[in-house]
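The exercises below are meant to be worked through with the structure in view. Each one sets a task and then goes through a solution step by step.

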Amino acid sequence: MESLSGIINYNNKITTLVANIIYPPTCVLCYGQSKTAIDLCAECYVDLPHRQNLHCQRPNSLKEVNRCIAPLNYNSTAAYLIKGLKYHNRLAYGRILSHILAECVTKEVTWMQSNTNTQAIPIPQCIIPVPLHSSKIKERGFNQTQEIARIAAKMLHLPIENKSCVRILATKPQARLTYTQRLRNVSGAFAVIGSLPKCVALVDDVITTGATINELATTLKKAGVQYIHAWIVTQAGD
Ligand SMILES: [Zn+2]
């Protein structure tokens, strides 16, 4: 006799199949029919600004980050998806960004496991979405970096740690600031209030100068974290 979970699984598949026939998945970029599970058609996926080299080169500004990767460049399409998630609560956009980050992170982890030169840097034990200040969470209703971290966390069976590290300063947006102003703006913005493992991965939507990620990494290292990965969806400014 079939198990209960097998029957539920089968029923869920039938429900999804029927829902897909009645409401076929639509690509959020061209409104054409999407054949993927992420509301994006194959053509629009290919047209995204995929980076050839996933590794982010910010040697001067990412001093406290051991490895930094980003799958996309920040062009107008990437900006549309990120802003749609952040400012218009479009969670489907978050699923797309999360899926793309997870693909990149899976490649990174597979490469790290097979490359003996990277043995000194361990694979992260948890994922920390870059924290938002409580006033921003109240205004937006959610932290977009947590949405972006979700699929990578699931695929890699890593916990999302969103309690032990907080943003204690409501900083100005970094976009219009110079590098020096950015450094000053985020200085002292984060605090660790719980225990963290030896190696963590930070997740964010955009990296420009790296000032925010490096400030967070500095705070975590002062609190005893030894290795820091940064997994960012898009890199701007290249
Ligand atoms: Zn499309």
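**Exercise 1: A residue in a loop**

Aspartate 39 is partly exposed, with 18 other C-beta atoms within 10 Å; a residue is called buried if 20 or more other C-beta atoms lie within 10 Å of its own, exposed if 12 or fewer, and partly exposed in between, with C-beta atoms placed from the backbone. This is a predicted model, in which local features need pLDDT of at least 70 and side-chain atom pairs count only at pLDDT 80 or more, while totals for chains, interfaces and linings use all residues. Residues are numbered from 1 along each chain as its sequence is written.

*Task.* State where aspartate 39 is placed, and then describe asparagine 89 in the corresponding way.

*Solution.* Step one is to locate aspartate 39, which sits in the loop between α1 (4-22) and α2 (42-47); helices (H or I, at least four residues) and strands (E, at least two) are DSSP runs, numbered from the N terminus. Step two is the backbone: aspartate 39 has a positive phi of about 60°, although it is not a glycine. Step three turns to asparagine 89, found in the loop between α3 and α4, where this residue, also not a glycine, has a positive phi of about 55°. Asparagine 89 is partly exposed, because 14 other C-beta atoms lie within 10 Å.

**Exercise 2: Two helix pairs**

*Task.* Describe how α4 and α6 cross, and which residues meet there.

*Solution.* Begin with the axes, which are lines fitted to C-alpha atoms, for helices over the stretch in contact, with angles running from 0 to 180 degrees between N-to-C directions. Those of helix α4 (residues 91-114) and helix α6 (residues 144-156) come within 7 Å and cross at roughly 45°. The two helices α4 and α6 are therefore oblique to each other, given that angles under 35 degrees count as roughly parallel, over 145 as roughly antiparallel, 65 to 115 as roughly perpendicular and the rest as oblique. Next comes the handedness, and the crossing of α4 and α6 is right-handed; a crossing is right-handed if the near helix is turned clockwise from the far one by less than a right angle, and left-handed if anticlockwise.

Finally, list the partners, bearing in mind that two residues are in contact if their C-beta atoms, placed from the backbone, lie within 7 Å. Residues of α4 including Leu97, Leu101 and Val105 meet residues of α6, among them Ile148, Ala152 and Met155. By class, the contact of α4 with α6 divides into 11 nonpolar, 5 polar and 2 charged residues, where Ala, Val, Leu, Ile, Met, Phe, Trp, Tyr, Cys and Pro count as nonpolar, Asp, Glu, Lys and Arg as charged, and the others, Gly among them, as polar.

*Solution.* Tyr179, Arg182, Leu183 and Val186 in α7 meet Ala211, Thr212 and Glu215 in α8, which gives a contact of 4 nonpolar, 1 polar and 2 charged residues.

**Exercise 3: The core**

*Task.* Which residues have the most contacts inside the largest nonpolar core?

*Solution.* A nonpolar core is a set of buried Ala, Val, Leu, Ile, Met, Phe, Trp, Tyr and Cys residues joined through C-beta atoms within 7 Å. The largest has 51 residues, and Leu97, Leu101, Ala152, Leu202, Ile228 and Trp231 are those with the most contacts inside it. Elements that each supply at least two residues of this core include α3 (76-88), β6 (199-207) and β7 (227-235), while the largest share, 8 residues, comes from α4. Turning to α3, its residues Ala78, Leu81, Ile82 and Leu85 are buried, and the buried residues of α3 pack against β2 (72-73), α4, α6, β6 and β7.
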